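Me: I am new to this structure and would like to learn how to read it. Could we go through a few features together?

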Amino acid sequence: MQLSMNWLREWVNPAAGAIELAHKLNMAGLEAEATELSADPLQGVVVGRILTADKHPQADRLRVCTVDIGSGAPAQIVCGAPNARVGLCAPVATVGSTLPGGIEIKAAQLRGVDSAGMLCSAKELALSDKSEGLLELDDSATPGAAIADYLKLDDMRLTLELTPNRGDCLSITGLAREVGALYGLQPCKPGTEAVAITCDKTVAVTLEDATACTRYLGRVIEGINPEARTPDWLRERLRRSGIRSIHPIVDITNFVMLELGQPMHAFDLAKLGGPIHVRRARAGETLKLLTEETVTLRQELLITSGDQPVAMAGVMGGAASGVTTATTNIFFESAAFAPAAVVGAARRHKLSSDAAYRYERGVDSALQAEALDRATALALAICGGQAGPVTAAGGEVTAAAIPLRHQKVNDLLGVSIPAGEVAALLESLGIIVTPSGEGAWHCTPPSWRFDLAIEQDLIEEVGRLFGYENIAAKPYAATLIPPANSEARRPAARIRDALVARGWQEAVTYSFVDPKIQARLTPDFVGLPLDNPIAETMAVMRTTLWTGLIGAWLHNHQRQMKRVRFFELAGTFAENSGQIIETPCLAGLAFGNVRTEQWSDKARPVDFYDLKADVEALCAAFGGDVPRFTFAAGTHSALHPGRTAVLMRDDQSVGVLGELHPELVRGLDLPGAPLLFELDWSRLSAARVPVAQPVPEFPTSRRDLALVVDESVPAQALIDAAKTAAGPHLAQAFVFDIYRGQGLRDASKSVAMGLIFQDYSRTLTVEEIDMQVTGIVTALSQKLGASLRG
């Protein structure tokens, strides 16, 4: 939210500069920044009035204007703005002046016609990011007056980024209350004259959902001037708050919202078809909004005229009932909609409005009458007309008293604040403080502080106003003893370090992912949908970490990062029998060359076995062979059918690794096929407790076997069978070579296996070793059809 500092100082004027005031607000928990309204002084830019506007003889889109600039003869200026017309007052940059951006104004000829100066738009004066023509000024503006003085540009802009609980500060009124409490000042609210009722026209109002709309006020104003123009002072206050001027009535509703904090809406009375009803949408109903977009409704809170929807309550009005330049009779709406009734509706339909932003955070339930009177007074003053009586439904919400203990305040804040000062600080916020005993009070929050509900909320307010910088830092009174790490589980930090040491980088991605991409990666699992997603691409909870990692890889790949190694340790989500199950997982994605570019090794892309080596290194961190990790050929709908493996631990699946399926690579339009792994952390993190082993005193003996087996026999099956057939003296069994080619039968391969024998108490004899080798060969032949290669 943006506000003018000059406007704020009309309400409360502390003896502090804008920068100091912004710092004070920051220290009180309201993020604020003060910036210059205009970086350039705009010297030489004055108010001008167009006296004549003739067509340029050489250009259809240009006009030759005679402009009164307040001194000397009128200036001749060639202008291309579509709204240049006789009688218009607009800023004029005179010859010799310099506009923002360093543009020097000189006398020149445009298509053969002399031009001495420049008629300016708000954008050319750096007062707006865009403009559609000259900056139009009131007819009462005096030609020759400096534009900086006329528009009062000696101002600062205060930009606020408020937390969701401080919706009460989304207005000049709320901010003035806060500043007044911080500086011990009483805000001065501009007076509003009572509205004279001069017509008897009303529109009946009924509430069908009193919990969603606690209060609804409305008023008819007849006979407004359709040619009325929003005055410059009001336009400027809107512009400095980031809101463009649209129509006098619409501008008034926006002004009241900024001034008081009450969102309002104005209907064209002639377009209403009956009484106003506040109800929930029915299935299949539609509404064409002011943005010209038609939305299909589902349980949103609606404003209807008769039975026809005319507005989405608290979000946006309908196009069919909106105010236009032809409107002469209006119906003002001033209502209190509950946050729960509005929250999510704007996001669901991808709508953005200042009203929804405020209603989602809460609006003062006692503000509607004051806001309606303020808007009515402004409308009568600017547009004329006759005001009718107020139609009301619902009532104010009464806040409950909150008990507060003085000792609890001092205990939680860690500083001793006198009881009288505690009460005074709370009363400065409009809280009614009633003593309820020695060192205790009952505190009733004002209607605008709907975020105060428990004792700790009040203590936070005391701390803010007392000043966090005035609370000295103290060491903890308690001794904090960190819990001991279990040796039976590996800490996540160790695994992160192991991956980083192997060249991987940790990524942190959103738990909300694109449902379309996730459905292709895990078609057997349905992601939990979000009620109010941030965007369509973040509409479901992730069932796999791969969705986020692929997105992170693509983001980096588009920025010339061709080699990536990303891993993430986080939760995935699924629903089981109505319960949401969160499963911690460790996942990774690799793409690009195996190593960074260098001179000593030929570049080659990473492959399945490189990924498998990294996963094996992780397994080693969990205790080596006991409990035992093995790899087996596997399948996964998202992975290449011939390049996928399952990681097993004691015959239990831990996870999967492999190359992304070619169909997904094409379907997702990826630059290549990344290698992926995903492991169940709860099954992976259990580790073997280290056990000391004696250093062997006797030598090992090695035997190598060249075994011919069918192509379908995995190497791991040979190792497992050898270990099962051997006695206790087999220390190691491993594969060190595989041969395919001449000398072998079709569909077969030769696997070279190394066998290491050792005994801790003596040296094994040749006969003992040969006997065990014979038993292994026999077992391999019987179980796997293996034969010794001749």
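Me: Leaving aside its neighbours within four places in sequence, which residues is S365 in contact with?
Reply: First, some background: this is a predicted model, where local features need pLDDT of at least 70, side-chain atom pairs count only at pLDDT 80 or more, and totals for chains, interfaces and linings use all residues. Residues are numbered from 1 along each chain as its sequence is written, and side-chain values use heavy atoms, with hydrogens and water left out. Contact means heavy atoms within 4.5 Å. Beyond those sequence neighbours, S365 is in contact with R215, A336, E396, V397 and S447.

Me: Is S365 buried or exposed?
Reply: Buried means under 20% relative accessible area, exposed over 50%, and partly exposed in between (1.4 Å probe, protein chains only). S365 has 9% relative accessibility, so S365 counts as buried.

Me: How do I read a nonpolar core, and which residues touch the most other members of the largest one?
Reply: A nonpolar core is a set of buried Ala, Val, Leu, Ile, Met, Phe, Trp, Tyr and Cys residues joined through side-chain atoms within 4.5 Å. The largest has 78 residues, and L8, L25, L158, I249, I252, F332 and L404 touch the most other members. A second, separate core has 38 residues, including A281, V295, L297 and V310.

Me: In what order do the strands of the open sheet run?
Reply: Strands (E, at least two residues) are DSSP runs, numbered from the N terminus, and two strands pair if DSSP finds at least two bridges between them. Here 5 strands follow the order β5-β4-β3-β6-β11, with antiparallel pairing. β5 (75-79) and β11 (118-119) each have a single partner strand, so one side of each is left without a neighbour in the sheet. V92 stands opposite L119 in β11.

How values were computed
Helices (H or I, at least four residues) and strands (E, at least two) are DSSP runs, numbered from the N terminus.
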